[in-house]
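Trainee: I have a model open and want to learn how to read it. Can we take a helix and then some charged pairs?

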Amino acid sequence: MDKKRQAGNEMLQQGPLLSTEARLVEVILFLENEPVSLEKLMKMTSFSQETATAALSEVKEHYALFLHGLDLVESQGSYHFLPSSDLHDNLRSCYGKRVDRRLSRAALETLSIVAYSQPITRREIDNIRGVASDTIIRLLREREYIKVVGRKDVPGHPCLYGTSRKFLFEFNLSSISALPKLSDIDRLRFETETTQETEEV
């Protein structure tokens, strides 16, 4: 028996291999390199909702069971890979830097507005902050903390901004849902200000 076959048999003894459906889901999530919704995954694979959901569950369980370096996480209805939480400290020296030393208070304020109110337009950000945010938004995009996630369906079709994977990693968040909860006052402020653009159009 050659070494390659022997190694394959040893892997089989260690645990089950992924099904073809799960492997396809895995490679799509890898190639897309951004969160993929269940609907998009179904369209790309021609899987039924039941099959796609089962494949996602299989990948998630497999990665957790065999201690991969990545975890499959779900955020706002979309799925993507993130570094396993137990590896964050090991990776931070190479890939993560102290965010508070790299960003000004104004930039952190703008980033928090995007994180809690996404998707959000530049004008909506300006309404909340009370000042123009063009320069800061450009800085946050250059440092890959935020990205354009779409266009708002209003005259002019302004860009909608959302946070990136890098934001989640550097702030040690598994998903946007893991953000600290806003106080009632802050939540009301965000909701009130971000509705002004639509009402004024």
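Trainee: Which exposed residues does the face of helix 9 turned away from its buried side carry?

Mentor: T135 and E142. Exposed means over 50% relative accessible area, buried under 20%, partly exposed in between (1.4 Å probe, protein chains only). Helices are DSSP runs of H or I, at least four residues, and strands are runs of E, at least two, numbered from the N terminus. This is a predicted model: local features need pLDDT of at least 70, side-chain atom pairs count only at pLDDT 80 or more, and totals for chains, interfaces and linings use all residues. Residues are numbered from 1 along each chain as its sequence is written, and side-chain values use heavy atoms, leaving out hydrogens and water.

Trainee: Which residues of helix 9 are buried?

Mentor: An α-helix has 3.6 residues a turn, so residues three or four places apart point the same way. Here, I136, I137 and L140 are buried in helix 9 (residues 134-142). Seen down the axis, the buried residues fall within an arc of 100° (directions from the axis to the C-beta atoms), so they line one face.

Trainee: How many salt bridges does the structure hold?

Mentor: A salt bridge is a side-chain nitrogen of Lys or Arg within 4 Å of a carboxyl oxygen of Asp or Glu. The structure holds five. One of them joins R129 and E109, at 2.8 Å, N to O. R129 lies in helix 8 and E109 in helix 7, so the pair ties together parts 20 residues apart in sequence.

Trainee: Is R129 buried or exposed?

Mentor: R129 is buried, at 16% relative accessible area. E109 is partly exposed, at 32%.
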